[in-house]
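Here are a few friendly notes to read alongside the model. Take them one at a time, and find each residue as you go.

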Amino acid sequence: QALSEIAGMGGGGGDLQEMRARPLTERRVDMHGFCNPSDFQRSPYLSARGNIANIFRGSNEEGYKAYHADKYDEDKNPNGIINFGTSENKLCFDLMSKRLTQTDMNLMEPPLLQYPDWKGHMFLREEVARFLTYYCKAPAPLKAENVIVLNGCGSLFSALATVLCDPGEAVLIATPFYGGITQSVFLYGNVKLVYAYLDSKITGTSTRPFQLTVEKLEKALQDARAEGVTVRALILLNPQNPLGDIYSLTELRDYLEFAKRHELHVIVDEIYMLSVFDESATFHSVLGMDRLPDPQRTHVMWGISKDFAVSGIRFGTLYTENQDVANAVASLCYFHGVCGPVQHKVAQLLRDRDWINQVYLRANHARLKAAHTYVTDELKTLGVPFLNRNAGFFVWIDFRKYLRTGTFEEEMLLWRRFLDNKVLLSCGKAFECSEPGWFRIIFADKTHRLQLGMQRIRKPCQSDQDGKADSTDEVIFVSRHQEPTCASSSNLGDLIGLLQQQMRSSDWLQKNTAEQFA
């Protein structure tokens, strides 16, 4: 069925509004972004499922293939492609390589070279429980028996989708979202995603762009049920990728209560929880809540790839009080285990609280903040709006003014112009964004690459301004505190608010201080 749907869709980027109008039952999974069906050739060597896996690839696969064939290197290939598309922290290799090569990390005892408990060695699970208790501010000590260890959070998504849903059932998620989740839940379990579409407009109970509300979740759920689709779970990303949003305790409780009303499992991905780099923002873990509305259906995942800048070390962990879920996931750990020596290294890392707090987190947060400031200052100079958040490695950027007709085809053309100019970004279609023209840029990189990459981003943007009215006077930079106002409004209060916002977003006052004049 899926193969026939893919073959019947035709090529091209397509319009997400058109996709939204199609019944869910007719789009088991949106393959627009993952393959070009016009190029599809069914292999006689593969099953139907194997053929899907063969062509199922990210919408930026073209970009990643080009990047791997032409990587930027300061000395060997200075004209190569700079990768601002992969969400990796490249700022702390010095700290992590030093810590991971210290003598306490090197251990080769027999138990580490033998089959472990598939949930993970108990010494590691105990350390994970202590670590999460401390950093998630849990009201009571978390239990090692509720911890399961797998080789990355992608594997966790696959395992949870497989044990919580039957083939053809669905999981609810808000868009835009990290697109790798689609692969994780679909390829193994044939589980589809139901989208709660978020957009930049502030309407109804929303107070900020792309805000997730219970009303939007309710609508998506009821639309799916009206079409006969069974939804088993809700996925929450906190901090959110690609938006950088951090949910308040009130919001988290509202989402969890919504799930409880509808008997939905909640999969909470907190993989960026220690990558909140500004003191003005506060992260609240679900594990830190005084009372979970439905603890037997709440499952929290975290890993070291983002917060500890080691995406090459595949380690993810699940915390769930539901032992049926834990045992079912553990059955799949046979395929997704973490090798013994790595489990030892991770345990040593997580127990070194002094080094984490006094050395690593201080340096990491300072470096992330400086890199974020540099990129957002460059965007302000360009007159490009963006969401100004304080978590993760990414900025969600509004390049809509560079699209003449506002279609996803044009978004892809702009993405290719950036790639032709030797910088790789991620376009909004890769995150199932409902509005063409939004892009994600990764800023967690060294200064010289950020500088060169932003120079390369400028060229397509500046060339697109030729012959067009300059809209920078009306640009609104979206902050956590002040949300955008309609610039065309004739209301005096709105105009004053817009002026105040533009003044706040300007760096003129910061650069021209009294001290500098003196």
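1. Let's start with Leu424, which lies in strand β10 (residues 423–424); strands (E, at least two residues) and helices (H or I, at least four) are DSSP runs, numbered from the N terminus. Please keep in mind that this is a predicted model, where local features need pLDDT of at least 70, side-chain atom pairs count only at pLDDT 80 or more, and totals for chains, interfaces and linings use all residues. Residues are numbered from 1 along each chain as its sequence is written, and side-chain values use heavy atoms, with hydrogens and water left out.

2. Is Leu424 buried or exposed? Leu424 counts as buried because its relative accessibility is 0% (buried is under 20% relative accessible area, exposed over 50%, partly exposed in between, with a 1.4 Å probe and protein chains only). Leaving aside residues up to four places away in sequence, its contacts (heavy atoms within 4.5 Å) include Tyr64, Ile82, Phe84 and Trp415.

3. Now look at the cysteines: the structure holds 0 disulfides, a disulfide being a pair of cysteine sulfur atoms within 2.5 Å. Cys427 is in no disulfide, and the nearest cysteine sulfur, that of Cys433, is 9.9 Å away. Cys427 is buried because its relative accessibility is 0%. Cys339, at 45%, counts as partly exposed.

4. Finally, find helix α13 (residues 340–351) and helix α14 (residues 353–382), whose axes come within 5 Å and cross at roughly 65 degrees. Axes are lines fitted to C-alpha atoms, for helices over the stretch in contact, with angles running from 0 to 180 degrees between N-to-C directions. Leu349, Leu350 and Arg351 in α13 meet Arg353, Trp355 and Ile356 in α14.
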